[in-house]
Amino acid sequence: MADFRDTLMLPFSSGALEGPKPGEKWCILNADVLPLPDRMEPDDFVAEQGFRPGFLALEAAGYAVQPRLQAMSELNCCLVLAHRSRAVNERNILRAWNGLKPGGVLVFAGTKTSGVQPMRKWVGRGAQVDGSLSKHHAVAFWVHRSGDDWHADRLQKPDSDFEWGKFRVAPGMFSADEPDVGSALLAEHFSDRIFGRVADFGAGWGYLSSCLIERCSRIEQLELFEADWASLEAARSNVQAAGDMSVDYHWCDMNREAPRTPFNWVVMNPPFHTSRAAEPALGNRFIEAAARCLPAGGRLLMVANTNLPYERTLQHLFKKVERLDQANGFKVLEAVKGSR
Ligand SMILES: C[S@@+](CC[C@H](N)C(=O)[O-])C[C@H]1O[C@@H](n2cnc3c(N)ncnc32)[C@H](O)[C@@H]1O
């Protein structure tokens, strides 16, 4: 079914904008595999995608993809796909504008519910919007670069808003404004009984891991697994190893690259949606991954919204399952692996 990626291609397939010519520099931010029209190929682009499942899909489709593009300059065109976070969209548009050569074109596209119109207004305050097309419940608009670089003072939320307390956090990450209530409830159950080799699945910017280090002195090795590259980079500075403990960081898609090495404990607040609706299947995949890397006697300690039905999967894969706590719409579950 056609979606906003088709809308993004419309200016090119309709002839409103020209496609890439030999030697030109084109890039895509918040990239996704695109339904490219004739005469456009994946290798015309350098793509940025920090979410590992999307990164792997782009790589498989033949795009040159990086989790974060460092050098963006002298671009002829930059395509920006809407992110769910307005702050991320503003930052990507600002980077795209500053990376374009004079006359280069920036095309932004998103579904009508993604906040594309407010972004169009925001861009229109600094540049003339040269065109716009609407189809498939989505909008694509474009501007040609003229004039000076745009500076961070254009951003609605200044960058410094996102460094609070002792943690470095950035827009677009899970719980970017304060620690998640569910994660805080889970962390209340961290104590010295958690020991040895410990994994944090879907570690985000490192809240649970830093609580583990603070509260569990018998951990020897702590391993963080996270799909969002920027969150994992933040975790590298937020999670400081204590004493002889070693800490490792893995940028991975738990659905395809989950660890096989044994752990004594796994802790997690698993993802529960990619869209607005809750998707228990995501958490179930995390539970299955935990079951695979816990030997007999190994334990999983997790938090979830009370309405998410994880108990059935847990009972199927573990010997003993217990609800340790429940508050503010969250439940803390502990499961012990049997010998099978
Ligand atoms: C509910 S958040 C918990 C974050 C962090 N542990 C905390 O408590 O604040 C779930 C995390 O899982 C990550 N995630 C989502 N899908 C993933 C996948 N396929 N593989 C690895 N991590 C994933 C998300 O980026 C997010 O950081």
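**Notebook: ligand shell, sheet and domain contact**

The model I examined is a predicted one.

I then listed the shell itself: 20 residues surround the ligand, and the closest are Ser 183, Gly 202, Gly 204, Ala 227 and Met 254. The elements that contribute two or more residues to this shell are α6 (207–215) and β11 (219–226).

Next I traced the sheet that includes β11. I found 7 strands in an open, mixed arrangement, ordered β12-β11-β10-β13-β14-β16-β15. β12 (246–251) and β15 (320–327) each have a single partner strand and stand at the edges, so one side of each lacks a neighbour in the sheet.

I looked up one pairing in detail. β14 (residues 299–305) runs antiparallel to β16 (residues 330–336), with 7 bridges between them. Asn 305 is placed opposite Phe 330 of β16. On the sheet I located helix α8 (residues 280–293), which touches β10 (196–201), β13 (265–268) and β14. The direction of α8 makes about 165 degrees with that of β10.

Finally I turned to the domains. The chain is divided into domain 1 (4–154) and domain 2 (163–336), and I recorded 34 Å between their C-alpha centres. Their contact takes 11 residues from domain 1 and 10 residues from domain 2. On the domain 1 side, α2 (52–60) and α3 (86–99) each supply at least two residues, and α2 gives the most, with 3 residues. I classified this side as 6 nonpolar, 3 polar and 2 charged residues.

Conventions. Residues are numbered from 1 along each chain as its sequence is written. This is a predicted model: local features need pLDDT of at least 70, side-chain atom pairs count only at pLDDT 80 or more; totals for chains, interfaces and linings use all residues. Domain bounds come from an automatic or database domain assignment. Two residues are in contact if their C-beta atoms, placed from the backbone, lie within 7 Å. Helices (H or I, at least four residues) and strands (E, at least two) are DSSP runs, numbered from the N terminus. Ala, Val, Leu, Ile, Met, Phe, Trp, Tyr, Cys and Pro count as nonpolar, Asp, Glu, Lys and Arg as charged, and the others, Gly among them, as polar. A residue is near a molecule or strand if its C-beta atom, placed from the backbone, lies within 6 Å of it. Two strands pair if DSSP finds at least two bridges between them. Axes are lines fitted to C-alpha atoms, for helices over the stretch in contact, and angles run from 0 to 180 degrees between N-to-C directions.
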